[in-house]
Amino acid sequence: MNEGLRRIRRHGVDMEDRIGEEEVLETLRTVLPWSVPVFLAVTDSTNRVAMEMAEDGAKHGTVVVADAQTAGRGRMGRPWVSPAGKNLYVSLLLRPPVPAVDATRLSLVAGVALADAVEAVGVPASLKWPNDLYCGGRKAAGILAEMASDPDGVRHVVIGVGLNVNMEEADFPPDLRDKATSLRIRAGRTFRRVDVLARLLDAFGTRYAEFIGGGFASLRDGWDRRDFLRGRRVLLRRQGGEGWGAVDGLDTVGALRFLPDGASTIESVYSGEILDFRR
Ligand code: BTN
């Protein structure tokens with residue numbers, strides 16, 4: 001049993017999902033800097049598990065994967081639909097050597113890596129700031145970043161990725177059917193989740209190294225060419241209120257360049273949520 005799994009057992013989650021055959025584990029072992037993933041058949045939330053492991057001292061590069069989540073966390077306190085046997089639910093534990101303000105960009109870095117991975121398995125993808133991956137105009141994946149820091153800096157960041165892989169339309173709750181999609185729906189075929197996971201870890205390793213070496217600017221191209229919002233009118237909620245305006249892409253640190261209706265100056269928005277969009 002690997003170290004991660006021993007820790008998980010200590011936290012009272014004792015179901016182990018052996019998705020991976022020997023050669024699959026061997027493949028994943030080669031996609032440094034990641035550890036061999038801790039597989040759980042079911043857990044409440046891989047982000048919660050990874051945050052707890054981080055507090056217990058788990059190392060940078062720890063990966064937690066579940067086949068199902070009973071309390072998957074989405075952004076803004078929303079639940080993340082996480083049935084068994086269909087999708088990827090992955091959390092990456094990072095201890096980045098950067099100030100907290102820079103570490104907040106890691107969810108954008110994960111978005112670029114996720115798009116790399118999805119396109120590598122043959123499905124065109126675009127990125128909707130700040131944390132969504134879209135395929136064919138619908139959301140196929142979301143990213144939830146959670147960070148712990150103290151006055152000395154970042155202690156750890158957990159990047160959680162939920163990617164709809166083999167969901168069919170009927171698998172989504174009715175209120176999501178016209179908004180959500182999956183790789184299977186887009187491509188008309190099923191995918192081996194572990195292959196997609198290997199691509200994701202590989203891509204994130206590359207994009208993370210680029211980010212640590214040169215900041216978000218060094219991977220901004222990877223965002224720009226897939227930018228779902230550039231040129232659109234959006235309804236943006238941010239601290240201090242909400243309003244419509246136009247999006248002019250991202251700046252070099254990953255802030256949204258937003259021109260509020262009636263204003264003459266583009267503003268840089270570092271955090272917020274897109275509530276609605278038009279062409
Ligand atoms: C969103 O609201 O778009 C973000 C969804 C993030 C879901 C993933 S699934 C794996 C990880 N564990 C969680 O509890 N949430 C994230």
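User: Between which two strands is the loop in which Met76 has its place?

Analyst: The model is predicted, and local features in it need pLDDT of at least 70, side-chain atom pairs count only at pLDDT 80 or more, while totals for chains, interfaces and linings use all residues. Residues are numbered from 1 along each chain as its sequence is written, and side-chain values use heavy atoms, with hydrogens and water left out. Helices (H or I, at least four residues) and strands (E, at least two) are DSSP runs numbered from the N terminus. On that numbering, the loop that holds Met76 lies between strand E2 (63–69) and strand E3 (88–94).

User: What value is phi of Met76 near?

Analyst: Most residues other than glycine have a negative phi. Met76 is a residue other than glycine with a positive phi, and the value is near 55°.

User: Is Met76 buried, exposed or partly exposed?

Analyst: A residue is buried under 20% relative accessible area, exposed over 50% and partly exposed in between, using a 1.4 Å probe and the protein chains only. The relative accessible area of Met76 is 47%, so this residue counts as partly exposed.

User: Which peptide bond is cis, with omega near 0°?

Analyst: Most peptide bonds are trans. Pro130 has its place in the loop between strand E4 (126–128) and strand E5 (132–135). The bond that is cis, with omega near 0°, runs from Trp129 to Pro130.

User: Which side chain makes a polar contact with the side chain of Ser107?

Analyst: Ser107 lies in helix H5 (residues 106–120), and it is buried because its relative accessible area is 7%. Contact means heavy atoms within 4.5 Å, and, leaving aside residues up to four places away in sequence, Ser107 touches Asn131, Ile143, Ala145 and Ile159. A polar contact is a pair of N or O atoms within 3.5 Å; within protein, one must be able to donate a hydrogen and the other to accept it, and residues adjacent in sequence count only if both atoms are side-chain atoms. At 3.0 Å, the side chain that makes such a contact with the side chain of Ser107 is that of Asn131.

User: How far apart are the end C-alpha atoms of H5?

Analyst: The expected span of a helix is 1.5 Å times one less than its number of residues, so the 15 residues of H5 should span 21 Å. The distance between the end C-alpha atoms agrees with this, at 21 Å.

User: How many of the 15 residues of H5 are buried?

Analyst: H5 is largely enclosed by the rest of the structure.

User: Which residue caps the N-terminal end of H3?

Analyst: Helix H3 (residues 46–55) is largely enclosed by the rest of the structure, because seven of its ten residues are buried, among them Thr46, Asn47 and Val49. At its N-terminal end, a side-chain oxygen lies 3.2 Å from the backbone nitrogen of Asn47, and that oxygen belongs to the capping residue, Ser45.

User: How much of the ligand's own accessible area does the protein cover?

Analyst: An oxygen atom of the ligand is 2.7 Å from a polar backbone atom of Arg73, and an oxygen atom of the ligand is 2.6 Å from a polar backbone atom of Arg75. Accessible areas come from the Shrake-Rupley method with a 1.4 Å probe, and for residues only the protein chains shown count as cover. Of the 420 Å² that the ligand has on its own, the protein covers 99%.
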